[in-house]
Amino acid sequence: MTMGTAVELVPYDPCWPGDFERIREKLERLLAPYVVTIEHIGSTSIPGIAAKPLIDIDIIFRSSADVPAATQILLQENYEPRGNRYDDDVWAFMRRDGRPPERVYLCPPNNRTHERRVIFRDYLRAHPAEAAAYAALKLELAGMHRHDGDRYTAEKRHFVDAVIEKAVGQRQI
């Protein structure tokens, strides 16, 4: 049995949006010919909630064919490949030596994983009570699964799916 990754949550840091902008500018310079958009996702993109102290970023490409060239650039910049994380052509990379660390995801156009992340982020930004409920759930799960990041993530899934379903339902009114 392998030990999961540790779960470390920290209080919201008001520097995170600025950290994202700085990282986004760097990534745009590095990957300019391939990028459609770069989005701040994950808990650090939602004001006021506890999060793992790293910036999660989705990079949407013009085409899946751009991923190999972008991968080479990221490898040269000390990004560590983390594989295809969601069976959805989403390729993850970590940069641990950044301040704060970065986790970037290379996404093809019209990617469902990316679309769901943005729906979730935007809904929680617009609904502080839901964001607070999510923060409370994360803290509870982090306490229960301190050394099992996979289980921590899996147990958030029901909440995330329910919020996305609610958000999509409200859009269609």
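Which side chain meets that of Arg95 in a salt bridge? In this predicted model, the partner is Asp97, with N and O 2.8 Å apart. The two residues fall into separate classes of accessibility: Arg95 has a relative accessible area of 17% and is therefore buried, since buried means under 20%, whereas Asp97, with a relative accessible area of 44%, is partly exposed.

The strands of the model form an open sheet of five, in the order β1-β2-β5-β4-β3, and their pairing is mixed. On average, and with direction ignored, neighbouring strands are turned by 20° against each other. The pairing of β3 with strand β4 (residues 91-95) is antiparallel and extends over four bridges; within β4, Met94 is the bridge partner of Glu80. Two helices pack on the sheet. Helix α1 (residues 16-31) touches β1, β2 (55-61), β4 and β5 (102-107), and its direction makes about 35° with that of β2. Helix α2 (residues 67-76), for its part, touches β2, β3, β4 and β5, and its direction makes about 165° with that of β5.

Salt bridges were then searched for in the whole structure, and 15 were found. One of them joins Asp56 to Arg103, whose closest N and O atoms are 2.7 Å apart.

The packing of helices was considered next. Two packed helices are described by the angle between their axes and the distance between the axes. For helix α3 (residues 112-126) and helix α5 (residues 149-171), the angle is about 80° and the axes are 9 Å apart, which means that α3 is roughly perpendicular to α5. On the side of α3, the contact is made by Arg116, Ile119, Phe120, Tyr123 and Leu124, while the residues contributed by α5 include Phe159, Val160, Asp161, Val163 and Ile164. Taken together, the residues of the contact of α3 with α5 divide into ten nonpolar, one polar and four charged.

Two residues of this contact, Arg116 and Asp161, also form a salt bridge, in which the closest N and O atoms are 2.5 Å apart. Here too the pair links distant parts of the chain, with Arg116 in helix α3 and Asp161 in helix α5, 45 residues apart. Arg116 is partly exposed, with a relative accessible area of 22%, and Asp161 is likewise partly exposed, with a value of 28%. Elsewhere, salt bridges that share partners join Glu21, Arg24 and Glu28 into one network.

A further residue, Asp148, is located in the loop between α4 (128-144) and α5. Its relative accessibility is 28%, so Asp148 counts as partly exposed. Between Asp148 and Thr37 there is a separation of 111 residues in sequence and of 32 Å in space, taken from C-alpha to C-alpha.

Methods: Residues numbered from 1 in each chain as written. Predicted model: local features only at pLDDT ≥ 70, side-chain atom pairs only at ≥ 80, totals over all residues. Heavy atoms only, no water. Axes fitted to C-alpha atoms, helices over the stretch in contact; angles between N-to-C directions. Parallel < 35°, antiparallel > 145°, perpendicular 65-115°, else oblique. Contact = heavy atoms within 4.5 Å. Nonpolar A, V, L, I, M, F, W, Y, C, P; charged D, E, K, R; others polar. Pairing = 2+ DSSP bridges. Salt bridge = Lys/Arg side-chain N within 4 Å of Asp/Glu carboxyl O. Buried < 20%, exposed > 50% of the residue type's maximum accessible area, 1.4 Å probe, protein only.
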